[in-house]
Amino acid sequence: MARPADRATADELCAAPAPHAGSALASPGATRALLEAYGLATKHRLGQNFLVSNAVVQKIMGLAELSPDERVVEVGPGIGTLTLALLAEAGRVVSIEMDRELEPVLSAHAAAHPSFSYLMGDALRVSAEQIVEAAGGAPTALVANLPYNVAATIVLAYLQGMPSLRREVVMVQAEVADRMCAAPGSRTYGAYTAKLALLARVTGRFEVGPGNFMPPPHVDSAVVRIERDPIVDEELVPAVSEVIDAAFAQRRKTIRNSMSASGYPKDALDAAFAACGIAPTCRAETLAPEDFVRLARALAPTS
């Protein structure tokens, strides 16, 4: 149970004005004080990695380039370290947190900041309508230190499910960032890379070492900026995504064999490959996202 003095100190931290493009919670001392005040130290110091570098927060905000009229959605706010920086620059912030034990901290932030609201629940189950209602309108940006186990899924799902998002600035595990940034033919290029490229492109990245967290994680991290820049009409994304999944389903096989094993008739594949100028003996990782768009259109049934 938190002592009254501890809780008062923690509430002051929640309400503290942010340093320039930074956060009053982005230090080991402030993070430790807030965790202890809310009785979270034992569980959360061991189970989560809290960002304690104001320099990293400032770099995130620099990539985000928020304006006062924007609504921002944040996934995985934790104790609100990045949240405070977002509130200083955006018009409205809505955060989604799954851990119920963090709700008292988020409630304190909401009490101190009228432009902040939060939703408790799984970010992959909360509906776009719930987010829009909580934010008072459609969000234009996702800015978050994402939970690493679902980061890649969230990045793509929010682009697909929330067309109002113009950009995402997210911290992810470095190897996930590598997949997001990969070029055709590289080892890290795969189905996820191609599907992300249908809707957006990576326009910025910087690395974040373990020493910027408390406690330090056992992995390297990176922050990427992803801007919506579709190469196909969004209503066609599901069909192209199906083609991509089939092409990469058996990565070591030729694209013809992999796609036929996924149920595409070989005669239809041969006609589509010929129409697109794609060699049926190539492998999926050699094709650019635009190639998959052309292939999906060639395979589309004609009315």
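Colleague: How do the residues lining the largest pocket divide into nonpolar, polar and charged?

Modeller: This is a predicted model, and in it the lining divides into 18 nonpolar, twelve polar and four charged residues. The pocket holds about 720 Å³ of space.

Colleague: What makes a residue part of that lining?

Modeller: A lining residue has an atom within 4 Å of a pocket point. For the largest pocket, 34 residues pass that test, with Q48, G76, N145, L146 and P147 nearest its centre. Elements that each give at least two residues to the lining include β1 (50-51), β2 (71-75), α5 (81-89) and β3 (92-97).

Colleague: And the second largest pocket, what is its volume?

Modeller: About 210 Å³. Its lining has 16 residues, and the ones closest to its centre are T193, A197, A200, R201 and P289. They come from a lining of twelve nonpolar, one polar and three charged residues. α9 (174-181), α10 (191-199), β7 (200-208) and α14 (289-299) each supply at least two lining residues.

Colleague: α10 turns up there. Why is α10 called mostly covered?

Modeller: Eight of its nine residues are buried, and buried means under 20% relative accessible area. Those eight are A191, Y192, T193, A194, K195, L196, L198 and L199.

Colleague: Which elements do the buried residues of α10 pack against?

Modeller: They pack against α8 (151-161), α9, β7, β9 (221-228), α11 (237-248) and α14.

Colleague: Is C282 called buried or exposed, and why?

Modeller: Buried, because its relative accessibility is 15% and the limit is under 20%.

Colleague: Why does C181 get another label, and what is it?

Modeller: C181 comes out at 34%. Partly exposed covers the range between the buried limit of 20% and the exposed limit of 50%, so C181 counts as partly exposed.

Colleague: What about G78, buried or exposed?

Modeller: G78 has a relative accessible area of 10%. That falls under 20%, so G78 is buried. G78 sits in the loop between β2 and α5.

Colleague: What is G78 in contact with, setting aside its neighbours within four places in sequence?

Modeller: E97, L102 and L106. To count, heavy atoms have to be within 4.5 Å. As for R166, 88 residues away along the chain, its C-alpha is 24 Å from that of G78.

Colleague: What makes a group of residues a nonpolar core here?

Modeller: Members are buried nonpolar residues of the listed types, joined through side-chain atoms within 4.5 Å. The largest such core has 62 residues, and Y158, M259, F292 and L295 have the most contacts inside it. A second, separate core of 27 residues includes V56, L63, L86 and F206.

Colleague: Which residues does L295 touch, beyond its neighbours within four places in sequence?

Modeller: V243, I255, M259, A272, F273, C276 and I278.

Colleague: And the whole chain: how much of it is buried?

Modeller: Buried residues make up 50% of its 303 residues. The chain has 14 helices and nine strands, and its C-alpha trace spans about 75 × 40 × 30 Å along its principal axes.

Conventions: Residues are numbered from 1 along each chain as its sequence is written. This is a predicted model: local features need pLDDT of at least 70, side-chain atom pairs count only at pLDDT 80 or more; totals for chains, interfaces and linings use all residues. Side-chain values use heavy atoms; hydrogens and water are left out. Buried means under 20% relative accessible area, exposed over 50%, partly exposed in between (1.4 Å probe, protein chains only). On a 1 Å grid over the protein atoms alone, a cavity is a set of points where a 1.4 Å probe fits but cannot get out, and a pocket is an open set with protein on both sides within 12 Å along at least five of seven lines; lining residues have an atom within 4 Å of a point. Grid points are joined across faces, edges and corners, and a volume is the space filled by probe spheres set on the points. Helices (H or I, at least four residues) and strands (E, at least two) are DSSP runs, numbered from the N terminus. Ala, Val, Leu, Ile, Met, Phe, Trp, Tyr, Cys and Pro count as nonpolar, Asp, Glu, Lys and Arg as charged, and the others, Gly among them, as polar.
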